[in-house]
Amino acid sequence: MVDIVQFAILGLGIGAIYAILSAGMVLIYRGSGTINLAQGHMALLGTYLMYELQTEHKVGAIPALVATILATAVIGALIHLLIMRPLRLASPLSRVIATLAVLTVINEAIRLRYGGGQLSMDSILSTKTVALGSVVIGRQSLYLVAVAVIIVLILTVISARTRLGLAISASAENTRAAAALGWSPDLLAIVTWSVGGALAGLAGALVTSTTNGFFSTGSLSLLIVGTLAAALFAEFRSFTLAAVAGVAIGIAQSLSTRYIDVTGLADAIPFIFIVILLIVRGKGLPVRGTSTDRLPSVGTGRIRPLVVVALTVAAIVLVRFVFDDSAMQAMVVSASIGIVVLSIVVLTGYAGQLSLAQMALAGVGAWAASRLAADHGWPFVPALVIGVLAAGIAGLVFGLPALRTRGINLTVVTFGLGFALFSVLFNNSSFTGGTSGTSIVPQEILGISIEPVLHMNNYATMTVLAFALTSVIVANLRRGATGRRLLTVRSNERAAASLGINVFATKLYAFSLSAAIAGLGGVLLAFSYTTILYPDLFGPFTSIAVLTAAVIGGIGWVCGPIWGTLLVTGGLGVVLVGDLSSGGFEDYVPLVGGLILLVLLIVNQNGIAAAVTGLIPARIRERSSVPGVESAGNKVPVPQQTLQVTGLTQRFGGVTALSEVTLTVEPGKVLGLLGPNGAGKTTLIDAITGYVNPEGTILLGDEDITGWSASRRARAGLGRTFQSLELFDELTVRENLLAACDERSRRSYLIDLIWPRPGSLSPTARAAVDELELGEFLDRRLDELSFGQRRRVAIARTVAMSPSVMLLDEPGAGLDATETEELGHLIRRLADEWGMGVLLIEHDVAMVLRTSDTVHVLDFGRTIFHGDPADVGADDNVRTAYLGNASVEVGESSSPQPKPVAGVNVP
């Protein structure tokens with residue numbers, strides 16, 4: 001027991017450092033909405049500033065501490081003013097990438113100035129001990145805990161009891177609301193970034209008290225791991241929870257070091273716990289009103305065979321007849337890392353899932369293949385295949401958190417998983433062939449030696465061909481049905497599910513495929529060395545370097561890796577420039593790359609490839625002709641199914657949004673749903689289509705679909721629109737419609753990699769294009785259309801699914817009187833001529849009464865009327881709750897056309 005207490009106390013010091021850093025991270029997030037992944041490196045900067053002042057300039061400890069805190073506070077403010085403020089309109093993920101660029105710049109600047117070796121300086125805190133019985137406590141740990149407690153108390157009081165703190169909290173929730181109250185969100189962000197930077201500087205200045213005065217860039221760079229874990233536990237909101245979690249993580253790491261005899265596991269345990277926590281409390285689909293962050297643009301994936309062949313042949317000629325050994329090795333590095341960058345194009349560019357573990361996954365492939373080759377004598381090709389498959393399986397595991405979390409949280413989780421993999425596997429000599437690494441015996445392919453020392457030209461040729469082939473596969477993926485599926489998930493998960501797309505399966509596919517591609521790059525990179533040193537090739541921060549290359553080149557463009565890998569350490573661009581500049585340039589490459597990334601994020605988030613493509617004349621860049629759409633006629637019958645809802649109740653905590661709602665939507669009939677704002681109309685559609693989990697029964701035809709997922713309900717015949725449209729803005733109108741009517745075959749996941757199908761609009765989709773006059777807009781992006789045109793696309797996309805029942809959520813919002821009348825005619829034709837059952841929510845009462853066969857009225861989630869449209873105005877409950885003193889008269893019509901309204905006077 002004494003031993004347990006002793007090791008727990010040993011962890012107090014580093015736990016207090018985590019607490020201070022995580023408090024700063026939480027503060028920055030609350031003030032600016034940005035997760036600062038450079039927080040640990042700002043602490044690293046504080047450590048070296050203390051070292052510089054104390055050791056080099058002989059400044060006293062207290063003045064040096066004050067100067068360090070002030071310097072990091074200023075640096076924090078400058079980061080906001082020069083980087084984050086210009087990116088205030090960018091997506092949160094783009095801002096996170098910017099903090100990674102800051103991390104890189106700080107790390108490389110320190111490395112260039114001080115090197116990577118271990119240094120030491122006197123601790124600012126007393127290192128004497130205090131004995132409590134048989135337990136010995138270091139005074140520095142007690143001091144650090146006291147400092148952390150004081151900081152957390154001050155921040156908590158300020159945030160809860162002062163106008164400034166309340167303004168910061170308000171700005172975190174809604175910057176416009178804070179501005180309306182007279183607070184400048186920009187000023188609040190400067191304050192939080194400054195204080196967050198100061199706390200990082202303080203933690204950096206004090207951290208050497210936990211290491212007997214010794215430190216290095218490598219050891220202190222890992223501070224971000226425990227800091228992130230603590231801040232994640234607190235959901236980036238609570239200073240107290242972050243501090244408690246930080247101290248607990250420090251204690252857990254200390255105890256793990258003592259009692260768990262697995263190298264690296266002690267560092268990995270805290271993040272594994274946090275990953276499990278996030279998965280448990282996460283959500284399967286985003287809630288209403290949220291969507292995937294807007295990411296940089298995506299290329300078309302169009303392949304120009306002559307260009308591909310010419311570039312590949314040119315590269316092969318260079319490596320076989322022009323380059324020397326160093327240039328050939330650089331080509332191998334560029335091509336191998338380029339393949340890993342292509343994996344990021346698939347995962348982030350196409351599927352919108354930002355991962356900071358791609359090099360860790362590449363390392364899994366390299367580890368599996370190399371161990372088979374070294375320990376079991378496997379030939380290169382079978383070992384390569386197994387390595388790629390192993391990486392794909394690891395990617396599947398890494399993708400599991402994506403089913404319950406997304407966005408920035410997912411980014412942090414993948415970083416943690418990658419770090420855990422590095423700690424347990426790559427940094428453990430018992431798994432990697434000993435301290436000297438894994439030695440690779442000479443390999444062959446079809447009797448041709450690819451031994452990297454004597455036959456580097458053969459090995460370089462193989463990597464060039466592998467890069468070219470992988471590029472074609474990734475381009476094929478973009479053009480096929482699977483690529484459209486990935487892009488819909490990237491753009492809007494809720495809308496994708498409404499079209500019958502299995503969001504979970506699509507995400508897992510993206511993670512698995514991208515990991516397999518990364519595994520290929522990892523194997524090729526590793527086998528280019530006779531001895532593989534995994535910590536050097538696949539360290540936790542190499543994934544950040546590869547992401548930097550991807551963003552610089554163009555994260556959504558297949559040709560992006562060609563540009564991005566020009567700045568990869570050891571790559572072709574670096575080696576050639578280094579030769580021209582008489583050497584020395586390679587040392588500055590990571591720093592230059594970080595600075596270029598910052599500039600690109602501010603100036604052009606789409607990357608070099610997008611900018612270069614934009615310089616190509618449109619007549620060359622685009623197809624010479626746009627395929628037309630053959631008219632499908634007016635009548636396209638759909639499967640006839642009745643929707644029956646019985647006793648539907650939906651509660652959100654203590655609020656009952658729906659109470660015992662019962663209704664039926666029959667084929668060929670329109671059921672109008674009226675009610676004031678907050679009556680539960682949209683919640684009813686969410687419940688019917690599977691976006692919330694209500695009580696009650698939902699039948700579609702003879703099937704009980706109550707427990708089905710949203711995508712399965714859509715495939716069964718339920719189509720819906722959204723109040724906020726939730727279109728796929730980065731796709732063309734044609735691609736939006738194709739996403740709705742594409743075949744959902746799982747075979748396409750493999751077939752599209754080799755032979756992508758361009759897709760064709762179904763007869764129902766073509767009819768919808770005719771009805772809604774969208775033919776001239778088919779090959780225009782959604783963000784180029786007017787609001788009224790976008791409304792029509794939203795309806796056409798739902799119609800393209802050929803649903804048995806269509807649920808329209810305020811389809812006429814924002815339309816003028818003429819457009820609304822035409823919309824009413826279309827809805828009646830969908831019911832009368834196409835046989836669809838329609839549930840129509842609309843605030844234009846006249847339009848609903850003209851169009852509907854039956855009207856259902858809700859108020860506070862309860863049914864107050866169900867019956868003929870002509871009787872709505874006479875019902876006292878409806879008049880009281882919704883119509884007020886309105887006079888409603890509905891004339892009957894014997895024709896199947898919309899029922900005329902004699903007079904509607906609604907306030």
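User: Is the crossing in which α6 passes α12 left-handed or right-handed, and how do you know?

Analyst: α6 passes α12 in a right-handed crossing. The label applies if the near helix is turned clockwise from the far one by less than a right angle, and left-handed is the anticlockwise case. Before we go on: this is a predicted model, so local features need pLDDT of at least 70 and side-chain atom pairs count only at pLDDT 80 or more, while totals for chains, interfaces and linings use all residues. Residues are numbered from 1 along each chain as its sequence is written, and side-chain values use heavy atoms, with hydrogens and water left out.

User: What makes α6 roughly antiparallel to α12?

Analyst: The axes of α6 (residues 139–161) and α12 (residues 239–259) cross at roughly 160 degrees and come within 9 Å. Axes are lines fitted to C-alpha atoms, for helices over the stretch in contact, and angles run from 0 to 180 degrees between N-to-C directions. Angles under 35 degrees count as roughly parallel, over 145 as roughly antiparallel, 65 to 115 as roughly perpendicular and the rest as oblique. The value of roughly 160 degrees therefore makes α6 roughly antiparallel to α12.

User: Which residues make the contact between α6 and α12?

Analyst: α6 brings Val152, Leu155, Thr156 and Ser159, and α12 brings Phe239, Thr240 and Ala243; contact means heavy atoms within 4.5 Å. By class, that contact has four nonpolar, three polar and no charged residues. Here Ala, Val, Leu, Ile, Met, Phe, Trp, Tyr, Cys and Pro are nonpolar, Asp, Glu, Lys and Arg are charged, and the others, Gly among them, are polar.

User: Why is Thr488 called buried?

Analyst: Its relative accessible area is 0%. Buried means under 20%, exposed over 50% and partly exposed in between, with a 1.4 Å probe and protein chains only; Thr488 therefore counts as buried. Thr488 lies in helix α20 (residues 481–491). Leaving aside neighbours within four places in sequence, Thr488 is in contact with Glu493, Ala496, Ile501, Phe728, Leu731 and Ala739.

User: What makes Glu773 exposed?

Analyst: Glu773 has a relative accessible area of 58%, which places this residue in the exposed class. Glu773 is found in the loop between α34 (763–771) and α35 (787–799), and has a positive phi of about 55 degrees although it is not a glycine. Most residues other than glycine have a negative phi.

User: And is Leu725 buried or exposed?

Analyst: Leu725 counts as buried, at 4% relative accessibility. Leu725 sits in the loop between β14 and α32 (733–741), with a positive phi near 70 degrees.

User: Why do β14 and β18 stand at the edges of their sheet?

Analyst: Each has a single partner strand, so one side of β14 (718–720) and of β18 (862–867) is left without a neighbour in the sheet. The open sheet has six strands in the order β14-β15-β16-β11-β17-β18, with mixed pairing. Two strands pair if DSSP finds at least two bridges between them. Helices (H or I, at least four residues) and strands (E, at least two) are DSSP runs, numbered from the N terminus.

User: In which sense do β11 and β16 pair, and over how many bridges?

Analyst: β11 (residues 670–674) and β16 (residues 837–841) pair in the parallel sense over four bridges, with Leu839 as the bridge partner of Leu671. In contrast, β17 (residues 854–859) pairs with β18 in the antiparallel sense over five bridges. There, Asp859 stands opposite Arg862.

User: What do β17 and β18 form together?

Analyst: They form a hairpin with two residues between them, and Phe860 in the turn has a positive phi of about 50 degrees.
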